[in-house]
Amino acid sequence: MNEDAYKRTGRRLVLWRHGQTSWNLERRFQGTTDIALTETGIAQARRAARLLASLKPDAIIASDLKRAAATAGELADITGLDVTHDEGLRETYAGVWQGLTHQEIIEQYNEQYTAWKRGEPVRRGGGELETEVADRAAPVVLHHAEKLPENGTLVVVSHGGTIRTTIGRLLGLESGHWESLGGLSNCCWSVLGEGARGWRLLEHNAGTLPEPVLGDDT
């Protein structure tokens, strides 16, 4: 990336999903269950860390669950930055759904699953509402963003569901529309930039560095 071409003003948030776990491969709902990275997940984190380090982040914060903490650690090793761990960045607690495969959830809790996919407020498995996840995660991100220097970059290492709800909250979207943001692949990230009217989504589910936006809508 040519930093001279990618001129920007304001702070930047890089919301980075953890690397692959065995439960990801099995399509099991992890939630707050503390599952470690696979060897592939570690390799994904190392590759992504080399890219993200070139953005010269000013700070790294991460969920305290092993899969996110280990992912963040790869970036910390390259940049020399400390990682601040916060349980507010954990994945959605999903009660009895945790440990079940996607197919098992559909078979056993189809009505609940369908309602959630329609955008209704649902305590999946008797756990947290998506708005409750945003209530705990978004303030953590904003608190650390406020500490950034002018035009600084914060890397937030978290989980797919938590990242999506946090982005939705920071963009001011109604919670029923958060699902429209789509998911994040393992070790991919989304980038939010600070604009005159608040946060803007610059990149979503990216695995490469941001490119300059050339055109009228800048």
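Ala-59 sits across from Leu-154 of strand β4 in this predicted model. That pairing belongs to a set of 4 bridges tying strand β2 (residues 59-62) to β4, the two running parallel; strands count as paired if DSSP finds at least two bridges between them. Strand β1 (residues 12-17) also runs parallel to β4, joined by 6 bridges, with Arg-12 opposite Thr-153. Strands here are DSSP runs of E with at least two residues, helices are runs of H or I with at least four, and both are numbered from the N terminus.

As for β4 itself (residues 153-158), 6 of its 6 residues are buried, where buried means under 20% relative accessible area, exposed over 50%, and partly exposed in between (1.4 Å probe, protein chains only). Side chains in a regular strand alternate between the two faces of the sheet. In β4 both faces are covered, with Thr-153, Val-155 and Val-157 on one side and Leu-154, Val-156 and Ser-158 on the other.

Local features need pLDDT of at least 70 and side-chain atom pairs pLDDT 80 or more, while totals for chains, interfaces and linings use all residues, and side-chain values use heavy atoms, without hydrogens or water.

Now the annotated site. An unreviewed UniProt entry lists a "binding site" that includes Arg-17, His-18, Gly-19 and Arg-67; such annotations, given in the numbering used here with shortened feature names, may be inferred rather than shown by experiment. From this set, Arg-17, His-18, Trp-23, Asn-24 and Arg-67 turn up in the lining of the largest pocket. A pocket is an open set of points on a 1 Å grid over the protein atoms alone where a 1.4 Å probe fits, with protein on both sides within 12 Å along at least five of seven lines; lining residues have an atom within 4 Å of a point. This pocket holds about 660 Å³, the volume being the space filled by probe spheres set on the points, which are joined across faces, edges and corners. Its lining has 27 residues, with Arg-17, Arg-28, Phe-29, Glu-91 and Trp-116 nearest the centre.

Gly-19, in the loop between β1 and α1 (22-25), is buried at 0% relative accessible area. Beyond four places in sequence, its contacts (heavy atoms within 4.5 Å) include Leu-37, Thr-71 and Cys-187. Arg-67, in helix α3 (residues 66-79), is also buried, at 1%. Its side chain places a polar atom 2.6 Å from the backbone oxygen of Gly-31.

How values were computed. Residues numbered from 1 in each chain as written. Polar contact = N/O pair within 3.5 Å; in protein donor to acceptor, adjacent residues only side chain to side chain.
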